Amino acid sequence: MRVRALPRRPEVCLTELGFGAAQGGNLYRATTDEEFASAVDTAWEAGVRYYDTAPHYGLGLSERRLGAALRHRPRDEYVVSTKVGRLLVPSPQDAHLRDSDGFDVPASHRRVWDFSRDGVLRSIEASLDRTGLDRIDIVYLHDPDDHWEWAVTEAVPALVELRDQGVVGAIGAGMNQAEMLARFVREADVDVMMCAGRYTLLEQGAADDLLPAAESRGVGVVIAGVYNSGLLSRDRPPADAVYNYQQAPAELIDRARRIATVCETYGVTLPQAALAFVRRHPAVVSTVVGVRNTSQVVEAVRRSEAVVAEELWDALAAAGLLATAH
């Protein structure tokens with residue numbers, strides 16, 4: 001599988017397809033240890049060498065499972081990213097309840113926002129403990145939307161210090177918006193951004209600010225949420241398709257279906273085109289797709305390997321379904 005190095009940190013190389021491990025934290029429903037381990041094994045056999053997780057995913061379950069699945073692999077052959085900003089604080093009095101943040105796990109911990117230097121250090125130490133790995137290759141600030149000043153004045157300097165000491169390989173932020181990510185690129189000493197849902201075949205808002213800023217400053221961009229949380233994940237979007245974790249509006253479903261029709265005339269499916277489109281931008285270094293089991297990994301790899309004709313983008317632009325063919 002093709003790899004791309006981070007321009008500012010060439011020692012950190014990401015495969016063009018990344019393994020999103022949120023489902024390993026029982027996102028929406030339970031996943032067994034065996035299912036998740038098999039998914040990691042299948043991804044490895046397919047050449048995937050970039051794996052993304054976070055403490056938020058299942059209150060640490062995703063990190064524990066991913067670490068266990070990778071621990072016997074040669075450490076220099078893969079890249080792991082995790083995130084800081086939410087500390088997991090024990091909450092034994094709630095352990096009989098289920099997590100209220102979308103993960104099917106006991107509510108034995110609560111998430112506490114913390115972008116302080118101490119919070120960053122504690123978070124990374126806890127992630128190392130949960131994964132059992134000797135280092136974290138990439139650390140993202142996780143959803144600092146409401147905490148810009150705190151994140152840029154305390155968390156970023158702490159991560160820069162850890163990067164300069166060689167404790168982590170590269171640093172950045174991961175968010176479901178592009179505007180603040182672009183601001184981090186312009187104003188902070190960062191290496192890579194993770195942008196979820198804002199640069200897809202359906203919407204290209206990040207092309208207005210984040211991607212040009214990243215390209216000009218040598219900051220890599222990892223695209224997540226390439227299917228807009230479900231709307232672009234099927235060959236033909238159903239009436240109950242999900243967009244941004246909610247029921248998709250009828251007009252967006254119609255737009256996605258019209259995109260799918262054009263894609264079909266060029267011999268590719270909507271999900272295949274969705275993956276191919278985002279990789280065309282020179283600032284994009286990897287695309288992370290969330291997977292739960294072996295069959296989903298196989299499908300993601302198959303979609304990733306599809307050959308898409310360049311003429312498709314011109315056809316979509318001509319039909320008013322793509323802002324620009326880029």
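## A tour of the pockets, the cavity and a hairpin

The lining of the second largest pocket comprises 10 nonpolar, 3 polar and 8 charged residues. The model on screen is predicted.

**Stop 1: the second largest pocket.** Begin by selecting Arg-2, Glu-16, Ala-276, Arg-279 and Ser-304, which lie nearest the centre of this pocket among the 21 residues that line it. Its volume is about 400 Å³.

**Stop 2: the hairpin.** Select residues 3–6 for β1 and residues 9–15 for β2; the two strands pair in the antiparallel sense over 4 bridges. A hairpin of 2 residues joins β1 to β2. To see one position in the pairing, show Ala-5 together with Cys-13, its bridge partner in β2.

**Stop 3: the largest pocket.** Now select Gln-23, Leu-27, Ser-229, Tyr-245 and Gly-290. These residues lie nearest the centre of the largest pocket, which has 47 lining residues. The space here amounts to about 1,400 Å³. Elements giving two or more residues to this lining are β9 (168–175), β10 (192–196), β14 (284–290) and α9. The largest share, 4 residues, comes from α9. Colour the lining by class and it divides into 20 nonpolar, 15 polar and 12 charged residues.

**Stop 4: the cavity.** How many cavities of 30 Å³ or more does the structure hold? There is 1, and about 50 Å³ of space lies in the largest cavity. To outline this cavity, select Leu-17, Gly-18, Phe-19, Ala-43, Val-48, Val-289, Val-291, Val-297, Ala-300 and Val-301. Two elements give two or more residues to this lining: β3 (17–20) and α9 (294–304). How do the lining residues divide by class? The lining has 9 nonpolar residues and 1 polar residue, with no charged residues.

Finish by selecting residues 294–304 on their own, the span of α9.

Note on methods: Residues are numbered from 1 along each chain as its sequence is written. This is a predicted model: local features need pLDDT of at least 70, side-chain atom pairs count only at pLDDT 80 or more; totals for chains, interfaces and linings use all residues. Side-chain values use heavy atoms; hydrogens and water are left out. Two strands pair if DSSP finds at least two bridges between them. On a 1 Å grid over the protein atoms alone, a cavity is a set of points where a 1.4 Å probe fits but cannot get out, and a pocket is an open set with protein on both sides within 12 Å along at least five of seven lines; lining residues have an atom within 4 Å of a point. Grid points are joined across faces, edges and corners, and a volume is the space filled by probe spheres set on the points. Ala, Val, Leu, Ile, Met, Phe, Trp, Tyr, Cys and Pro count as nonpolar, Asp, Glu, Lys and Arg as charged, and the others, Gly among them, as polar.
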